[in-house]
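Trainee: Hi! Could you walk me through this one while I have it open?
Mentor: Happy to, let's look together.

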Amino acid sequence: MNNEHFSEPAFVSARNACKLCSPLGACFAMHGIEGCISLIHGSQGCATYIRRYGISHFREPIDIASSNFVEATAIFGGRNNLFRALDNVTQQYQPQVIGIASTCLSETIGDDVSMYLREYLSDAKNGCRPIIFYASTPSYRGTHIDGFHEAIYAAVCCMVQKNNNVTKTNRINLISNFVSVEDIRALHSILQSYQVPYTLLPDYSETFDGGTWEEYQKIPEGGTPVSGIAAMSEAAGTLYLGKALNPERNAAYYMSEHFHIPAEYVDLPIGIGNTDRFFDVLNGMTGSPMPDIWTKQRSRLIDAYFDGHKYCAGKRAILYGDEDFVVAMASFLDEIGVIPVIAATGAAGESFSRRIKESQKNIQQHLHTETKIMSDTDFATIMESAAELEADFALGSSKGFYLTRQLGIPLVRCGFPIHDRIGGHRILHLGYNGTLNLFERICNALMEAKQNAAPSGWTYI
Ligand code: SF4
């Protein structure tokens with residue numbers, strides 16, 4: 001019998017995916033716009049999953065509406081459901097903005113949401129309505145990061161002021177990435193220090209991390225003001241955090257094409273090199289030198305590198321997460337002499353491998369060691385590769401916990417999601433102080449592991 005046709009398939013399915021659902025990223029970006037509620041065009045399960053994921057990370061209530069597909073909708077289309085959902089959400093939440101994110105199901109059946117929306121908006125009875133924009137986010141076409149950037153792109157295309165006679169000002173547009181609420185607050189502090197008007201988009205630092213309420217707020221306060229998004233067309237420049245983007249379908253490209261606003265794309269400002277480049281671009285756009293406060297932070301960080309290098313230099317790490325996050329972290333690890341034995345992402349981008357190699361100048365030159373670079377991967381595959389690599393610790397979200405438990409190594413939690421600790425959403429990663437925070441977490445995790453493993457139980461390391 002010829003066994004040729006019965007060989008094992010090369011790939012079966014993702015096992016514990018190292019990426020999340022595309023509309024999840026879109027919804028979180030939408031909640032970073034003032035007065036905005038997100039509406040999932042699909043089944044309730046998609047909205048529930050996203051709510052559940054967000055609540056466990058941010059420890060805040062998160063309302064996500066749904067057009068509530070049932071069997072009949074999957075056959076006859078979701079037009080009526082969408083119209084009813086828009087009416088209900090408008091009536092019950094009275095939002096300034098509704099962001100619609102499509103799902104695998106609505107995209108698979110070919111629902112033309114743009115056409116539905118034109119029809120809905122042209123109906124006179126819907127005259128007094130919120131701003132409504134739509135992001136196409138099927139999960140089979142991208143990750144939560146793709147959904148995040150797509151939602152920002154859709155919001156900007158819909159909401160930016162399109163008057164041809166816009167007067168240019170010294171405003172700066174800073175488009176963020178899927179970073180923590182503390183990172184967003186740090187970006188505000190940096191922009192404020194330059195004393196120029198700015199739009200930071202999205203901004204979920206309050207909507208996902210506000211204080212206590214006397215009464216439940218259906219839409220929490222905070223978010224990038226709608227007027228701030230409209231004013232983006234006046235800006236002197238747009239700075240985008242991240243490069244894992246569709247080059248011709250992102251908000252900075254849109255602003256450069258339609259309003260001739262220079263666009264700059266930088267790696268996430270994690271590590272001294274990346275943060276220096278981020279400030280260089282800001283200095284150029286604002287025409288001002290870096291304010292003194294950041295020079296002092298930078299100096300403290302270098303001092304900390306001196307203090308802690310003996311605990312981390314030469315250690316071996318498993319690094320995983322979103323492409324831009326892993327690339328920035330690899331550059332930071334390169335600065336502190338940590339060898340990433342694995343750099344992994346669930347995204348399928350072709351640039352990942354090149355970007356990781358470019359970020360490892362120190363390790364390539366001095367340590368002559370190889371990093372196993374894995375894209376479009378899952379945690380089961382990472383585990384199979386990690387078994388022989390003698391890593392000292394792992395760096396990434398709480399989804400890597402099983403991996404570190406099996407390997408018996410510490411997990412330094414960072415990125416998204418962190419479901420098994422309090423305050424995961426408040427971890428600071430960006431800027432000189434964010435780097436300092438990560439550096440101390442890594443050193444302390446290694447010191448704790450060494451201390452716990454020592455029979456003598458040192459208290460002085
Ligand atoms: S079906 Fe698609 S859109 Fe819905 S939760 Fe699953 S991956 Fe996300």
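Trainee: How far apart are the C-alpha centres of domain 1 and domain 3?
Mentor: The C-alpha centres of domain 1 and domain 3 lie 35 Å apart. Before we go on, this is a predicted model, where local features need pLDDT of at least 70 and side-chain atom pairs count only at pLDDT 80 or more, while totals for chains, interfaces and linings use all residues. Residues are numbered from 1 along each chain as its sequence is written, and side-chain values use heavy atoms, with hydrogens and water left out.

Trainee: Okay, and where are the domains in the chain?
Mentor: Domain 1 is 22-144, domain 2 is 172-210 + 218-286, and domain 3 is 294-453. Those bounds come from an automatic or database domain assignment.

Trainee: How many residues of domain 1 and domain 3 are in contact?
Mentor: 9 residues of domain 1 are in contact with 13 residues of domain 3. Contact means heavy atoms within 4.5 Å.

Trainee: And how much area do domain 1 and domain 3 bury between them?
Mentor: About 960 Å², with 62% of it on carbon and sulfur atoms. Buried area is the accessible area (1.4 Å probe) that two parts lose on being put together, summed over both.

Trainee: Which residues in domain 1 lose the most area to domain 3?
Mentor: Tyr53, His57 and Arg59 do, and together they make up 62% of what that side buries.

Trainee: Let's switch to sheets. What is the order of the 5 strands in the open sheet?
Mentor: The order is S11-S10-S9-S12-S13, and the pairing is parallel. Two strands pair if DSSP finds at least two bridges between them. Helices (H or I, at least four residues) and strands (E, at least two) are DSSP runs, numbered from the N terminus.

Trainee: Which are the edge strands?
Mentor: S11 and S13, each of which pairs on one side only. Neighbouring strands of this sheet are turned by 20° against each other on average, direction ignored. Axes here are lines fitted to C-alpha atoms, for helices over the stretch in contact, and angles run from 0 to 180 degrees between N-to-C directions.

Trainee: What packs on that sheet?
Mentor: Helix H18 does, touching S12 and S13, and its direction makes about 155° with that of S13.

Trainee: Tell me about S12. Which way do its residues point?
Mentor: In strand S12 (residues 393-396), Phe393 and Leu395 point one way, Ala394 and Gly396 point the other way, and all are buried. Buried means under 20% relative accessible area, exposed means over 50%, and partly exposed is in between (1.4 Å probe, protein chains only). In a regular strand the side chains alternate between the two faces of the sheet.

Trainee: Which residues stand opposite Ala394?
Mentor: On the S9 side, Ile318 stands opposite Ala394, and 3 bridges join S9 (residues 316-320) to S12. On the S13 side, Leu411 is opposite Ala394, where S12 and S13 (residues 411-413) pair in the parallel sense over 3 bridges.

Trainee: What about the sheet of 4 strands, what is its order?
Mentor: That open sheet runs S6-S5-S7-S8, with parallel pairing. Its edge strands are S6 (198-201) and S8 (263-266).

Trainee: Which helix lies across it?
Mentor: Helix H11 (residues 272-286) lies across S5 (172-175), S7 and S8, running at about 170° to S7.

Trainee: Is H11 enclosed or open to the outside?
Mentor: H11 is largely enclosed by the rest of the structure, because 12 of its 15 residues are buried. Among them are Phe278, Phe279 and Leu282.

Trainee: Is His260 buried or exposed?
Mentor: His260 is exposed, with a relative accessible area of 68%. You'll find His260 in the loop between helix H10 (251-259) and S8.
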